[in-house]
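Opening the notebook on a new model today.

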Amino acid sequence: MKPRDGGQIQATTESEIWEEAYQNVRRSMGRRKQLLGFFDWIGEEKTVLDLGTGDGLDIQALEEMGHKRFIGFDISHNLLQDSPHKGVVGDAHKIPFRDGSIDIVLANSVIHHFDFPRMASEIVRVLKPGGLFCYLEQRPTLARSILDWFTMQKWVGTIIPYLKHRRIALSEEIEDYTGGLENYPRIARKLLELGMDLEREKKTLLGVLAQWRKKPKVPGGFSQFNPD
Ligand SMILES: C[S@@+](CC[C@H](N)C(=O)[O-])C[C@H]1O[C@@H](n2cnc3c(N)ncnc32)[C@H](O)[C@@H]1O
């Protein structure tokens, strides 16, 4: 991975071009902190598994907000190498952690990369009873369609270099929308089916933030999950 260069695209292979473009978008720490501030566990003695951590910006933001315990996890060895924290390389469809071992799973802008039903089962499996799944994701709003259309016009990148990077990152991601942006009802249904409760949700102009809790174990060994 080459260092960021303030707007010029220098990477050579296709995956490097995407990784470099990705590293030049969504860099605002202020905005990240503002969004992450939606979650109410920050600062608690809880370990966060950051699924699809990339180069670790959320970990950095959470750390600056006073949180201390993290595991970064990503399929890209290159991106993890650029993270200031040690991470684990792997595929979120097969998370290499024990059942019931993780307090909080965070997924920021990664659901659309995944086969969500498979990934959701893995997330719920690794969560402790009472553990949290928190996600931030894009949403197919009119504002997003306009922004994406504008971004995809090649001439825009010649005027605004940031949008050239965004176009590369976006076109790479569109090819990879296996989870799909249109599938929020399906995502919620799957999480309910797996015994999760929706604790908080917020829709923004471009996206959605949600915090789901795995039902805690109750005395007698049964969970409080009631499929009805
Ligand atoms: C749009 S980036 C988001 C990165 C980071 N969460 C952030 O907010 O900056 C999506 C990330 O998901 C990772 N990813 C894609 N498919 C994955 C998979 N199957 N398992 C783990 N990580 C994956 C990519 O390598 C990339 O770092």
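My entries follow, starting with the ground rules.

**Ground rules.** I'm working with a predicted model, where local features need pLDDT of at least 70, side-chain atom pairs count only at pLDDT 80 or more, and totals for chains, interfaces and linings use all residues. Residues are numbered from 1 along each chain as its sequence is written.

**Overall.** I looked up the secondary structure and found nine helices and seven strands in the protein chain. These are DSSP runs numbered from the N terminus: helices are H or I with at least four residues, strands are E with at least two. Next I checked burial: 31% of the 228 residues in the protein chain count as buried. My cut-offs go by other C-beta atoms within 10 Å of a residue's own, placed from the backbone: 20 or more is buried, 12 or fewer is exposed, and in between is partly exposed. Then contacts, meaning two residues whose C-beta atoms, placed from the backbone, lie within 7 Å. Among contacts in the protein chain with a separation of 6 or more, 63% join residues 24 or more positions apart.

**Core.** Which residues have the most contacts inside the largest nonpolar core? I get Leu 51, Ile 104, Val 105, Ile 123 and Phe 133, in a core of 37 residues. Such a core is a set of buried Ala, Val, Leu, Ile, Met, Phe, Trp, Tyr and Cys residues joined through C-beta atoms within 7 Å. Elements that each supply at least two residues of this core include strand S1 (48-51), strand S4 (102-108), H5 and strand S5 (127-138). I followed up on Val 105: leaving out residues up to four places away in sequence, it touches Leu 49, Leu 51, Ile 123, Val 126, Leu 127 and Phe 133.

**Helix pair.** I took helix H2 (residues 29-36) against H3 and got an angle of about 75°, with the axes 10 Å apart. Axes here are lines fitted to C-alpha atoms, for helices over the stretch in contact, and angles run from 0 to 180 degrees between N-to-C directions. H2 and H3 are therefore roughly perpendicular to each other, a label covering 65 to 115 degrees. On the H2 side I see Met 29, Arg 32, Lys 33 and Leu 36, meeting Leu 57, Asp 58, Ala 61, Leu 62 and Glu 64 in H3. The residues of that contact divide into five nonpolar, no polar and four charged. In this scheme Ala, Val, Leu, Ile, Met, Phe, Trp, Tyr, Cys and Pro are nonpolar, Asp, Glu, Lys and Arg are charged, and the others, Gly among them, are polar.

**Ligand shell.** I counted 18 residues around the ligand, of which Gly 52, Gly 54, Ile 75, Ala 92 and Asn 108 come nearest. To qualify, a C-beta atom, placed from the backbone, must lie within 6 Å. The shell splits into six nonpolar, eight polar and four charged.

**Single residues.** Is Phe 116 buried or exposed? Phe 116 counts as buried because it has 20 C-beta neighbours inside 10 Å, and it lies in helix H5 (residues 116-126). Ser 109 sits in the loop between S4 and H5; its phi is near 60°, a positive value in a residue other than glycine. Phe 97 is in the loop between strand S3 (87-89) and S4, and is partly exposed with 17 other C-beta atoms within 10 Å. Arg 166, in helix H8 (residues 161-175), is buried, with 23 other C-beta atoms within 10 Å.

Terms used
Angles under 35 degrees count as roughly parallel, over 145 as roughly antiparallel, 65 to 115 as roughly perpendicular and the rest as oblique.
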